[in-house]
Amino acid sequence: MVDGTTNEQELETARVAMFDALKDPQLCDLPILLLVTHQDMENARSASEVAELWNVREFYEDSVMEYGSSIKNIEQLKEAFSAFASILLHGVVGPTNVNVDI
């Protein structure tokens, strides 16, 4: 989960932390849910923008789900987690990019 309104330095810190965590043998083969919050804010980066900045598709092309979220749209946030849970249970089906409508 990444704050879509965060500054460049904090975004880089989050990127490094995520890639470090994904080096763990227990995590490296799992799909990734990249959830970018505060999509209701004018200056928020979209999930696809963060994925591009972080270059996650190059390393995890078939296992990245990108979702933008907002507290104002809880139902679509629930849908994101439900879709991710389904992939965890039934296998990876390819990259997904959803920017939640507000």
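**Close-up 1. A salt bridge between E12 and R15 within helix 1 of this predicted model**. The side chains of E12 and R15 meet with N and O atoms 2.6 Å apart. Because the two residues are three places apart in helix 1, about one helical turn separates E12 from R15. An α-helix has 3.6 residues a turn, so residues three or four places apart point the same way. E12 is partly exposed, at 37% relative accessibility, and R15 is also partly exposed, at 23%.

**Close-up 2. A salt bridge between E8 and R45**. The closest N and O atoms of this pair are 2.5 Å apart, and the bridge links distant parts of the chain, since E8 belongs to helix 1 while R45 lies in the loop between strand 2 and helix 2, 37 residues away. E8 is exposed, with a relative accessible area of 53%, whereas R45, at 16%, counts as buried because the limit for burial is under 20%.

**Close-up 3. The buried face of helix 4**. L77, A80, F84 and I87 are buried in this helix; seen down the helix axis, the buried residues fall within an arc of 85°, and therefore they line one face. These buried residues pack against strand 2 and strand 3, while the face turned away from them carries the exposed residues E75, L89 and H90. Helix 4 is followed by G91, whose phi is positive, near 105°.

**Close-up 4. A nonpolar surface patch formed by L27, L30 and L88**. Together these residues have about 240 Å² of accessible area. L30, in the loop between helix 1 and strand 2, is partly exposed, with a relative accessible area of 38%.

How values were computed:
Residues numbered from 1 in each chain as written. Predicted model: local features only at pLDDT ≥ 70, side-chain atom pairs only at ≥ 80, totals over all residues. Heavy atoms only, no water. Patch = residues over 30% accessible without salt bridge, like charges linked within 9 Å, V, L, I, M, F, W, Y side chains within 5 Å. Areas by Shrake-Rupley, 256 points an atom, 1.4 Å probe, with all protein chains shown as cover. Salt bridge = Lys/Arg side-chain N within 4 Å of Asp/Glu carboxyl O. Helix = DSSP H or I, 4+ residues; strand = E, 2+ residues; numbered from the N terminus. Buried < 20%, exposed > 50% of the residue type's maximum accessible area, 1.4 Å probe, protein only. Arc of directions from axis to C-beta. Contact = heavy atoms within 4.5 Å.
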